[in-house]
Amino acid sequence: MPSGPTSSRPTAAVVWRIVHNERQSLISDLESLTPEQWAQPSLCPGWDIHDVVAHLVDTAKTTRLAFVRQMVAAKFSFDGANARGIIRERAASPEATLAEFRRIRQATKTPPAALATRLVEAIVHGEDIRRPLGLVHRYPRESTEEALSYQLKTGISMGGGKERAAGFRLQASDSGFEHGSGPAVLGSALALLMAVSGRPVDRRDFSGEGAAAFVQKLNQ
C-alpha cells in the first residue's frame, strides 16, 4: 500500500510561502474576535485562544540556538518550554499579541526540527483556534498531507502521533493518502491529522471497518 503523499516533498521556499499564507489567513480571522472569544478555551488543554496565538508568536521567533537554550532552561521539558514561551509572548491585551503576530508573520525562523513541523504548527494550531470558534478554513491539500505524513512517523513524545495510528490503515477520503495496515479508517486528511495530533475526535468524521475502534483508542 502506498504511504504518505505521492508527490515529492515541498521545497523550503514552498513550505515558507504556505506558512506565511496561513499566518495571514489566521490573522484575518483573529481581527474580528471579541474579548470573550479570545478568552475561550482552545483545543489545546489548558490554553485559551490568546495562549495559542502567543505560542504561535513564540515559535515564529524561535531560532535553533534559542530552542536549545529554552529547553535547557525548562529542564528539557517541551511542555515547560511552551509554557515559558506563552508567558514571554502573551501581551497585556489580545490586540497587542495579534499586532506582534502580524509583525513577525513573514519570519522564517525554526527550531532544530524538520521543516514539515512548520506546516503542523500552522495547520493544527490554526484548527485549535478555529474549531472552538466555529470558523472553517480550507488548507492546501498537499500541505495537510505533508503534515499528516510527518505526524505519523513521529512519536508522541516528540509531538507526533505514530502510536495513535498503530494497527490501522488510514485513508484520506479527499485524496490518495494511505498509511499503515489493519482495519481501514477513512476520513479527510485534516480530520486524520487532528486525530493523530491528539485533538478531540468525532466519530462522525470517520468511516470504515476500523473507525469505531480508532475513535475508541483515541478517547481512552
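What pattern does the protein chain follow, read along the sequence? In this predicted model, the order is α-α-α-α-α-α-α-α-α-β-β-β-α-α. Colour by secondary structure to see 11 helices and 3 strands.

Next, show the whole protein chain. The C-alpha trace spans about 50 × 35 × 35 Å along its principal axes. The radius of gyration is 17 Å, close to the 17 Å that the globule rule gives for 220 residues, so the chain is as compact as a globular protein of that length. Of the 220 residues, 50% count as buried.

Now select Leu-170, Phe-206 and Phe-214. Within the largest nonpolar core, which has 34 residues, these three touch the most other members. H10 gives the largest share, 8 residues.

Stay on Leu-170 and display its surroundings. Beyond its neighbours within four places in sequence, Leu-170 is in contact with residues including Leu-152, Phe-177, Val-185, Leu-192 and Phe-214. A second, separate core has 20 residues; to find it, select Leu-33, Val-53, Ala-54 and Ile-86, which are among them.

Finish with Met-158, in the loop between helix H8 (141-152) and helix H9 (162-165). Is Met-158 buried or exposed? Its relative accessibility is 56%, so Met-158 counts as exposed.

Key
Residues are numbered from 1 along each chain as its sequence is written. This is a predicted model: local features need pLDDT of at least 70, side-chain atom pairs count only at pLDDT 80 or more; totals for chains, interfaces and linings use all residues. Side-chain values use heavy atoms; hydrogens and water are left out. Helices (H or I, at least four residues) and strands (E, at least two) are DSSP runs, numbered from the N terminus. Buried means under 20% relative accessible area, exposed over 50%, partly exposed in between (1.4 Å probe, protein chains only). A nonpolar core is a set of buried Ala, Val, Leu, Ile, Met, Phe, Trp, Tyr and Cys residues joined through side-chain atoms within 4.5 Å. Contact means heavy atoms within 4.5 Å. The radius of gyration is taken over C-alpha atoms; the globule rule is 2.2 Å times the number of residues to the power 0.38.
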